[in-house]
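Visitor: I would like to learn how to read a model of this kind, beginning with a single residue and ending with the whole chain. Could you take me through it step by step?

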Amino acid sequence: MSLSQTFETVQLHIDGKIAKVQLNRPKALNALDTTLLNELLEVLQKLKKDPSVLIIELTGEGKGFSAGGDIKTMLSEATEENFLTIMDSISELVVTLYTMPKLVVTGIHGAAAGLGFGLALASDYIICEESSKLAMNFIGIGLIPDGGSHFLLQERIGTVDSKKLIWNGKIMEGQEALMKGLVDEVTSTGKLRESLDRFEEGCLQKPILAMLKTKEIYVESNKERLIKVLELEKQGQTLMRSTEDHREGIQAFIEKRKPSFKGK
Ligand code: COO
């Protein structure tokens with residue numbers, strides 16, 4: 001069975017047991033505004049209930065996977081009133097993705113930054129092109145990671161290396177991310193489609209129900225810790241978004257200059 005559905009900012013194509021979900025705000029480097037967050041959640045909730053789908057693939061249309069939260073609209077969109085609602089939507093999206101009873105593979109080309117990188121970390125397997133730009137760089141605009149990234153990074157690389165990565169906020173290419181254990185496979189630039197197809201076909205030739213049962217055991221033993229971290233991030237981000245450093249980080253990004261942080 002094949003089905004295609006286009007929303008405003010997400011494209012869905014189901015072909016047999018594989019559902020391909022594509023972030024589709026290419027003009028904004030697939031930056032995650034509230035429309036994209038809500039449409040992605042709607043698509044994932046629909047797929048969660050579809051027994052015919054066993055694999056979900058997440059990719060980005062255009063130049064890159066996702067530049068993370070939309071910095072240019074962040075101050076205007078995330079007002080006092082709706083900031084907590086946005087954080088709750090992000091939490092619901094990440095929990096839905098992390099606990100999805102399907103095998104989730106993310107394909108990254110170009111940028112995967114901030115919450116964009118965080119969404120990838122919530123999947124089971126990440127393939128990125130060698131020239132990708134991966135960055136857990138919330139610190140660049142005076143924020144802490146959200147979307148459960150403190151938990152998701154700790155799962156992959158441990159607390160000490162997660163703290164260093166978060167505090168550093170550097171942009172990494174594929175090989176460095178692979179060496180750090182942040183992604184699972186690196187492919188040549190332009191070969192992402194081929195690598196995703198090879199991985200997905202390989203999974204369908206294995207006892208995928210056993211693979212999904214293993215995922216379920218890890219999810220059931222870990223999800224309470226993810227939920228706790230999401231709550232702590234919501235409380236922490238509420239404080240960070242009212243700092244002068246956050247406003248300076250956004251302003252400097254928009255003006256394309258180095259920020260001058262004051263520690264307040
Ligand atoms: C980015 C990157 C690492 C991508 O680097 P590139 O060198 O590939 O692309 P550019 O930095 O040149 O950006 C291209 C384009 O996209 C540019 O706009 P123009 O100058 O008008 O062409 C950027 O301003 C724009 N862009 C890039 N990222 C964003 C964006 N617009 C809006 N929002 C975002 N995020 O260099 C980079 O590091 N981007 C910032 C990553 C980031 O800090 N993300 C947000 C963290 S906070 C969060 O995710 C959630 C909070 C709730 C991606």
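Predicted model: local features only at pLDDT ≥ 70, side-chain atom pairs only at ≥ 80, totals over all residues.

Visitor: Where does Leu29 lie, and what is its phi?

Guide: As a general idea, most residues other than glycine have a negative phi. In this structure Leu29, although not a glycine, has a positive phi of about 55°, and its place is in the loop between β3 (18-23) and α1.

Visitor: Which segment holds Lys256, and is Lys256 buried or exposed?

Guide: Lys256 lies in the segment after α10 (244-254), and with a relative accessible area of 76% it is exposed. Lys256 also has a positive phi of about 55° while not being a glycine.

Visitor: How should I read a pair of helices, and at what angle do α1 and α3 cross?

Guide: Two packed helices are described by the angle between their axes and the distance between the axes. Here the axes of α1 (residues 34-48) and α3 (residues 80-98) come within 10 Å and cross at roughly 35°, and the crossing is left-handed. On the α1 side the contact is made by Thr34, Leu37, Asn38, Leu40, Leu41, Leu44 and Gln45, which meet Ile86, Ser89, Ile90, Glu92, Leu93, Thr96 and Leu97 in α3. By class, this contact of α1 with α3 has eight nonpolar, five polar and one charged residues.

Visitor: How many helices and strands does the protein chain have, and what is its radius of gyration?

Guide: The secondary structure comes to ten helices and ten strands. For 264 residues a compact globule would have a radius of gyration near 18 Å, and the protein chain agrees with this at 18 Å, while its C-alpha atoms fill a box of roughly 55 × 35 × 35 Å along the principal axes. Of the 264 residues, 51% count as buried, and the chain exposes about 12600 Å², of which carbon and sulfur atoms supply 55%. Among contacts with a separation of 6 or more, residues 24 or more positions apart account for 71%.

How values were computed:
Residues numbered from 1 in each chain as written. Heavy atoms only, no water. Axes fitted to C-alpha atoms, helices over the stretch in contact; angles between N-to-C directions. Helix = DSSP H or I, 4+ residues; strand = E, 2+ residues; numbered from the N terminus. Left-handed = near helix turned anticlockwise from the far one by under 90°. Contact = heavy atoms within 4.5 Å. Nonpolar A, V, L, I, M, F, W, Y, C, P; charged D, E, K, R; others polar. Rg over C-alpha atoms; globule rule 2.2 N^0.38 Å. Buried < 20%, exposed > 50% of the residue type's maximum accessible area, 1.4 Å probe, protein only. Areas by Shrake-Rupley, 256 points an atom, 1.4 Å probe, with all protein chains shown as cover.
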